[in-house]
Amino acid sequence: MQKETVYGHYCSETTMSGSPLLLMAGADVVEEQRARWERKRSRTAKELLETEHKYLKQLDLVITFFVTILKAKGTLKPAVMETIFGPLESIYSASQVLSLHLERGNLGLGLENFCQKLELYGHYAENLEQANKTLKEQLRKNKSFRRFKKLQETRPQFQGKKLEDLLPLPLQRLQQYKHFLRDLLENTSPDSAEYQKLTKTVKSASEVSQWVQDIVRKRENSLQLLRVQKLLKGRKTQLLTAGRWYIREGWLLVVPSKGKELKRRMFFLFSDIFVATKPCHPLHLLNSNKFACTAVYPLHQCEVDKVFGHTQSQGGLLSLSFPHKTLLLMSSDQQDVNDWYQSLKAAVRRLKA
């Protein structure tokens with residue numbers, strides 16, 4: 001009994017005396033974490049400011065040596081200026097204000113104000129394709145502008161860069177902002193005053209970045225549709241349809257229903273149709289490098305199966321079933337068969353969803 005009392009008294013003392021130690025140890029861990037956050041946050045804020053200065057310096061080349069002088073000279077009409085440069089001056093002003101806040105250590109306030117200007121980057125992205133077209137057009141037909149551009153680009157400040165190299169800079173910078181802001185948020189204490197401001201800015205940057213990526217994807221898709229349309233002989237098959245997406249293309253062997261020889265055909269897969277083509281005669285004067293469309297298969301009526309090619313055997317065979325036809329396609333390349341199978345399956349699934 002005596003032993004139990006002594007033991008109980010010992011445990012009680014250990015628990016009571018150990019508790020403050022544990023609390024102190026816990027407090028130390030929290031402080032260490034906050035110190036780590038602060039170090040990383042300071043490094044990110046410093047890098048953001050340094051890169052913002054470089055970005056401003058490059059934007060300044062366009063504003064000072066092109067926009068300001070062209071406005072004064074009247075070399076280009078105001079509407080043409082607006083098309084080529086879009087909201088670049090407003091983007092430049094927003095970055096100047098952000099830079100000033102960062103220099104003064106007002107990170108939260110600076111980013112909160114900048115958050116309201118991020119939409120400019122989306123509008124700039126929407127305009128960029130037309131800006132490039134108009135720039136090319138003016139260089140072709142406006143001799144004085146062509147001469148002016150060449151002269152400005154020879155200035156030492158440009159370091160060999162051309163106007164075409166500088167115009168996409170805002171979109172490149174937007175991606176950098178997204179990464180910087182996420183790093184800052186990850187290294188900001190959730191109970192700090194700036195956390196909510198940073199959260200809002202990160203959300204805005206991600207939304208605008210997605211907006212820009214969608215614009216770029218649509219533009220690239222339009223170029224692919226146009227490229228394939230130009231590869232096809234004649235105008236019978238119209239590929240340039242709203243909502244249609246290019247997926248892939250490649251050679252496959254068509255297995256005939258009866259004992260004829262295999263036919264090598266070029267196939268083009270889109271989000272809603274599967275197009276079979278054959279090469280035009282190599283000696284044809286106009287169409288030697290083109291393809292003649294042999295069939296257009298609607299994917300919403302398609303069932304895709306892999307007949308063989310499930311194992312590591314060489315090549316494989318795909319079966320595409322339509323209401324009035326079954327298409328057997330073969331390749332000696334195992335990976336190629338797998339890729340086509342996955343692409344076709346995914347396209348059909350999306351269309352039927």
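This is a predicted model: local features need pLDDT of at least 70, side-chain atom pairs count only at pLDDT 80 or more; totals for chains, interfaces and linings use all residues.
Which backbone oxygen does the side chain of arginine 248 reach?

**View 1. Arginine 248 in strand S1.** Let's start with the strand that spans residues 246-255, where arginine 248 lies. The side chain of this arginine reaches the backbone oxygen of aspartate 339, at 3.3 Å. Arginine 248 has a relative accessible area of 16%, and it counts as buried because that value is under 20%. Leaving aside neighbours within four places in sequence, its contacts are Phe267, Phe268, Leu269, Asp336, Asp339, Trp340 and Ser343.

**View 2. Helix H3 beside helix H4.** Here you can follow H3 (residues 88-103) and H4 (residues 107-115), whose axes come within 8 Å and cross at roughly 170°. H3 is therefore roughly antiparallel to H4. The crossing of H3 past H4 is right-handed. On the H3 side, the contact is made by Ala94, Ser95, Leu98, His101 and Leu102; H4 brings Leu107, Leu109, Gly110, Leu111, Asn113 and Phe114. Seven of the residues in this contact are nonpolar, four are polar and none is charged.

**View 3. Helix H4 meets helix H9.** From H4, Gly108, Leu111, Glu112 and Cys115 meet Lys197, Leu198, Lys200, Thr201 and Ser204 of H9. The residues in the contact of H4 with H9 comprise three nonpolar, three polar and three charged.

Technical notes. Residues are numbered from 1 along each chain as its sequence is written. Side-chain values use heavy atoms; hydrogens and water are left out. Axes are lines fitted to C-alpha atoms, for helices over the stretch in contact, and angles run from 0 to 180 degrees between N-to-C directions. Helices (H or I, at least four residues) and strands (E, at least two) are DSSP runs, numbered from the N terminus. Angles under 35 degrees count as roughly parallel, over 145 as roughly antiparallel, 65 to 115 as roughly perpendicular and the rest as oblique. A crossing is left-handed if the near helix is turned anticlockwise from the far one by less than a right angle, and right-handed if clockwise. Contact means heavy atoms within 4.5 Å. Ala, Val, Leu, Ile, Met, Phe, Trp, Tyr, Cys and Pro count as nonpolar, Asp, Glu, Lys and Arg as charged, and the others, Gly among them, as polar. Buried means under 20% relative accessible area, exposed over 50%, partly exposed in between (1.4 Å probe, protein chains only). A polar contact is a pair of N or O atoms within 3.5 Å; within protein, one must be able to donate a hydrogen and the other to accept it, and residues adjacent in sequence count only if both atoms are side-chain atoms.
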